[in-house]
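I opened this notebook to record what I looked up in the structure. The entries follow the order in which I consulted it.

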Amino acid sequence: IMMQHAATNTVNRTSILALFRRCIRSAQKIPDPSQRASYFITVRDAFHGRANLPSNSREAIFAYRDGLDQVEQMDYYHTQIKMKQHENQSRIISPETPSHKILSDPSKHEPSPGGDANKVITEWLLQHLPHLNQEDLIRYSQRFVDDGFDSVAFIEEELLAEDLSFMKKGHRRVIERQLMQRLER
């Protein structure tokens, strides 16, 4: 679809509506209700804010491509979550599993320095920014850990808006909004 529109330098209403529906379907897969609602609002606002762009404008074409990229990242996120759930289900110990097989990999029982904190922060980031690309995810989680925010409990207790200055504006806004909601409770 994107290649077709890149060649004509326009986007049509049918393609935009299909992208909107795809974004909504992807949002419906988000397990957490507050994150799902936040993503719905983000999608609605993004499409509504660009509704009056001429179909042959550069902005419309870039917005369409950006939307495609974001929904593909969300689809990737959902795929990763499904794989992780499947992996966790397959780890359930059956009565036939010998005990020496359960403890055969000692690295799974010993925390790696900094690795666990990065993993926990990465999961927290994906919960709040499910559409985050891999590069930003790695950069943000490492920055949180480097700045001393190495646990979810610590982030939720101590994180302030000014601590997010290293993030991209859109990502920062989502986290700030969630911080404000937390403070209002």
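**Entry 1. Helix α9**

Is R172 buried, partly exposed or exposed? I find R172 partly exposed, at a relative accessible area of 22%; the classes are buried under 20%, exposed over 50% and partly exposed in between, with a 1.4 Å probe and protein chains only. I note that this is a predicted model, in which local features need pLDDT of at least 70 and side-chain atom pairs count only at pLDDT 80 or more, while totals for chains, interfaces and linings use all residues. Residues are numbered from 1 along each chain as its sequence is written, and side-chain values use heavy atoms, with hydrogens and water left out.

I then looked up the partner of R172. Its side chain meets that of E176 in a salt bridge at 4.0 Å, N to O; the term requires a side-chain nitrogen of Lys or Arg within 4 Å of a carboxyl oxygen of Asp or Glu. E176 and R172 are 4 residues apart in helix α9 (residues 169-184), so about one helical turn separates them. E176 is also partly exposed, with 26% relative accessibility.

**Entry 2. The chain as a whole**

I counted the elements next. The chain has 9 helices and 0 strands, taken as DSSP runs numbered from the N terminus (helices H or I, at least four residues; strands E, at least two). Of its 185 residues, 28% count as buried. Among contacts between residues at least 6 apart in sequence, 61% join residues at least 24 apart, a contact being heavy atoms within 4.5 Å.

**Entry 3. Helix α2 and its neighbour**

Helix α2 covers residues 13-28, 16 residues in number, and reaches 23 Å from its first C-alpha to its last, close to the 22 Å expected at 1.5 Å a residue; the expected span is 1.5 Å times one less than the number of residues. Its buried residues are S15, L19, C23, I24, S26 and A27.

How do α2 and α3 pack? I find an angle of about 170° between α2 and helix α3 (residues 33-49), with axes 9 Å apart. Axes are lines fitted to C-alpha atoms, for helices over the stretch in contact, and angles run from 0 to 180 degrees between N-to-C directions. The two helices are therefore roughly antiparallel, the class for angles over 145 degrees. On α2 the contact uses I16, L19, F20, C23, I24, A27 and Q28, and on α3 it uses R36, Y39, F40, V43, R44 and F47. I sorted these residues into 10 nonpolar, 1 polar and 2 charged. Ala, Val, Leu, Ile, Met, Phe, Trp, Tyr, Cys and Pro count as nonpolar, Asp, Glu, Lys and Arg as charged, and the others, Gly among them, as polar.

**Entry 4. Further salt bridges**

The structure holds 6 salt bridges. One of them pairs the side chains of D75 and R22 at 3.0 Å, N to O. D75 lies in helix α4 (residues 58-90) and R22 in helix α2, so the pair ties together parts 53 residues apart in sequence. D75 is partly exposed at 24%, and R22 is partly exposed at 27%. R44 forms a salt bridge with D45, with closest N and O atoms 3.1 Å apart.

I located R50 in the loop between α3 and α4. R50 is partly exposed, at 42% relative accessible area. The C-alpha atoms of R50 and A60 are separated by 7.3 Å, the two residues being 10 apart along the chain.

Key. Parallel < 35°, antiparallel > 145°, perpendicular 65-115°, else oblique.
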